[in-house]
Every structure is written in C-alpha cells, then in structure tokens.
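Hi,

Here is the structure I promised to pass on to you. Have a look at it first, and then read on for what turned up.

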2 protein chains.
Amino acid sequence: MGLGRGYSRQDCSLAHALEALGERWTLLVLRDCFYGVRQFKDFQAHLDIPRAVLADRLKTLTARGALERREHSNGVHYLLTEQGMELWPAIFSLAQWGERWLSPHGSRRVFSHADCDTDLEATGHCPTCGAFPGPGELLVREGPGADPTLRDDRVSAALRRGPHRLLTNPFPEPDYAGTAGV
Amino acid sequence: MGLGRGYSRQDCSLAHALEALGERWTLLVLRDCFYGVRQFKDFQAHLDIPRAVLADRLKTLTARGALERREHSNGVHYLLTEQGMELWPAIFSLAQWGERWLSPHGSRRVFSHADCDTDLEATGHCPTCGAFPGPGELLVREGPGADPTLRDDRVSAALRRGPHRLLTNPFPEPDYAGTAGV
DNA sequence: ACCGAACAGTTCAGTCACCGAACTTCGGGG
DNA sequence: CCCCGAAGTTCGGTGACTGAACTGTTCGGT
C-alpha cells in the first residue's frame, strides 16, 4: 500500500515486505517500539511525524499484525507482536549499515549483550558467548557519534540517561507501572 | 531526499540509512543488482518501474556510492560497490521476514551456500560450515511459493532456469562477455 | 457538577514524489 | 543514409505526505 501504489507485480518476498514496511516513517515507528516507546504522544514527540501519518502507520501495522493495540489504564499502548519482534534483524542490519557508511563521527548507538556485558559486532553476533541475542537481551547506549543537541523530547532524554534495555519502559516516571520490566 | 523530505531531525543511523534507501524502488533495484542485473533495460523490464524513477534511483545510488556506473562495450553497466555489497544482510533479513510472514505458500526463493550445497537458515547462517556466507558465495533458486505466471521478462526467465550464483550474469547470451563470472 | 488539561485521534488545503506516455539523444548495423 | 535499441529526459496528472487546526473522550482537581 501507499508510497506510490504497491509492488503487486513482483513475485518477491522483499517486495512484499516493502509493501508492509516501505512507507515513510514505518520502520522508524518500529524502531521506537524496540526502544520501549508505546504511546501515541511519545512516538509523535520523538519522531516529529505528522499526527495523521502516525495514526495511519499505527493502524496499518496493527492491522497487519506487527503491533498490538491495547487500552491500558493510563492510555493506549502499542506493543510489538511476535511478527513485529522478528523484524529486529532487519532493523539492526539497516542501522548498522548506516553506522558504517553514514556516521562520520563514529557510532551513534552501541548495542551490547546484557548477559555478557559485551558490545555486539555489526553482524549482531556476541563475541563473548557466541550467540545472536534477541532484542530483549540487549542494551543500547549512546556512542561517540551521537549528537545530543539535536533532540530534547522526553524519549531522547530518557535514552541519553544511560544504557537502556530494549523493549522496556525508558521512563523513570511510573508511566507503565505494572508492565515495567517486560 | 525524496519520499516526503528526509528525516533530518533524527539522530539515528536507521533514519540516515532510510534517507539513502527508503525511497520507493531503491531496495528492489539493489536486490536486482545482487541477482546480477546490470543494465537499465533489464532493471526496467524486471521491475515495471517508470523510466524516470529508475533513472533517478540509479543516479542517486551512484552519487551516494552504493553503485558504480561503467560504460561497457555493449552498454552502460551499474555494479555494486563495497558499500552496496554490505547491504546484503539488510536486504536478506527483510526478505526473510517477508518469506516468514507474507508467503503463505512457502518460500519464493531459497538461498544456499555454494561451497557446502546447504540451504541457509533465516539468519543467514550455513548450518554445515557454520559461516555467514557473503552474497558472492550464494546460489538462489525458486522455492515452492514462487508464482511462475506473474512475470515473463528475461530476468525472471533466466532466474527460473535453475540455481543462479548471486552477482553473476544471469543470461545465457554473451551479454556481459569479459565480465561474466564476477 | 464543573473546569481544564492531556491524550488520541480526524479533517483539510497545499505541496511534492511518483506514474505513464511521449519525446530526445547517441551509437552501431545494414 | 536510415533504422533500431539503449539510455535517458520531459511533462501533465494523481495521490501520499505535510502542518495546522479541530474533535472527542477521559482524567484530576475544586
């Protein structure tokens, strides 16, 4: 859908994946989900995305099964489903390519395996334990190439405070009380 | 560039990668490069992409350093640079996600490690030799989910003829004589 | 019960990327 | 010299994305 009008005459899984994910903002919304962002207002503040587009992306991702919309006591929450979780290798690979070729001042984000306290290689491999950790086993922190002057929304501020475990609530306030830690 | 107007207010390597690769058709053009497609007419026939858009994507990818434009004796050739080659993990991961979640009749394409004659896992891992082969060491063939009725351009026909080594000329004719095999 | 604020959207006019078709340019081959 | 194919460019029309304003619902406080 969208962004032109689909790739219906392609018999290729990449084309189908891009029909689901290739519209503007879609992969950045999912990246934020891995960072633990769950609420409309936080996606909006962190991405500077038009509200109408964000609403459409969240609706489309929910309809396709990558996200789940849940009415929580303190607002609406969007959570990654199993389908959405399995996008981690693709998102990580794309980001690593960006780090390698488009980050002249060094890595903007560094990912480490929480169990081993070891930084991941660009392949996603943990050199200490030899495994390929899933997103739930990873920490992110800022690297030397990060530019702290660019953003000051509360999501960026929270991620700047120190290493943060993916998929968990990044906020010190009890925003997601009851679900924090998972 | 393009597709809206960039993600300039994001300090994130994924956002930068998507500025370079996120426009419509860009990743499919690169996929075709991995399949060994090199000439304008073949991209055009295989993708059903508007000529103006294809011209723009090739120019942009060349300017960014992912492709190299070379005037060959029998026409203009577009070849992956080292930067372009390193997109293989990202393209493979996205395609595998599409195979897993958007291919109800099974895999459309199967990749195998040429040295080991072993099919790759979804992670890109070769279970026989334990390595993560680069694109130049891989073969593609059609899987059970492929739909042979959908396309009949000469690129699709060539890929249908049997296992094909990535990055090499898919055509039996001496189109790329002198560069075939690499 | 009333008020205001916050959240999660929807609506809408304007712009720009993409689409498809027609046109141009260049280099052989006959 | 003419014709053809490859590799583009040009151009009018459409629709996705943008930014700003507006709606509706649910809190918390008084």
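Strand β3 (residues 109-113) and strand β5 (residues 138-142), both in chain A, pair in the antiparallel sense over 5 bridges. If you want a spot to start from, find H113(A), whose bridge partner in β5(A) is L138(A). Please keep in mind that this is a predicted model.

That pair belongs to an open sheet of 4 strands in chain A, with the order β4-β3-β5-β6 and antiparallel pairing. At the edges are β4 (118-119) and β6 (164-165) of chain A, each of which pairs on one side only.

Now to where the two chains meet. In chain A, 42 residues are in contact with 42 residues of chain B. On the chain A side, the elements that give two or more residues are α1 (13-21), α2 and α6 (88-102). The largest share, 12 residues, comes from α6(A). By type, the chain A side divides into 21 nonpolar, 9 polar and 12 charged residues.

The axes of α2 (residues 26-34) of chain A and α1 (residues 13-21) of chain B come within 10 Å and cross at roughly 165 degrees. Angles over 145 degrees count as roughly antiparallel, so that is how α2(A) and α1(B) lie to each other. Their crossing is right-handed. Here L27(A), L28(A) and R31(A) of α2(A) meet L14(B), A15(B) and L18(B) of α1(B). The residues of this contact divide into 5 nonpolar, no polar and 1 charged.

Enjoy exploring!

Best wishes

Technical notes
Residues are numbered from 1 along each chain as its sequence is written. Chains are lettered from A and ligands numbered from 1 in the order in which they are written. This is a predicted model: local features need pLDDT of at least 70, side-chain atom pairs count only at pLDDT 80 or more; totals for chains, interfaces and linings use all residues. Axes are lines fitted to C-alpha atoms, for helices over the stretch in contact, and angles run from 0 to 180 degrees between N-to-C directions. Angles under 35 degrees count as roughly parallel, over 145 as roughly antiparallel, 65 to 115 as roughly perpendicular and the rest as oblique. A crossing is left-handed if the near helix is turned anticlockwise from the far one by less than a right angle, and right-handed if clockwise. Two residues are in contact if their C-beta atoms, placed from the backbone, lie within 7 Å. Ala, Val, Leu, Ile, Met, Phe, Trp, Tyr, Cys and Pro count as nonpolar, Asp, Glu, Lys and Arg as charged, and the others, Gly among them, as polar. Two strands pair if DSSP finds at least two bridges between them.
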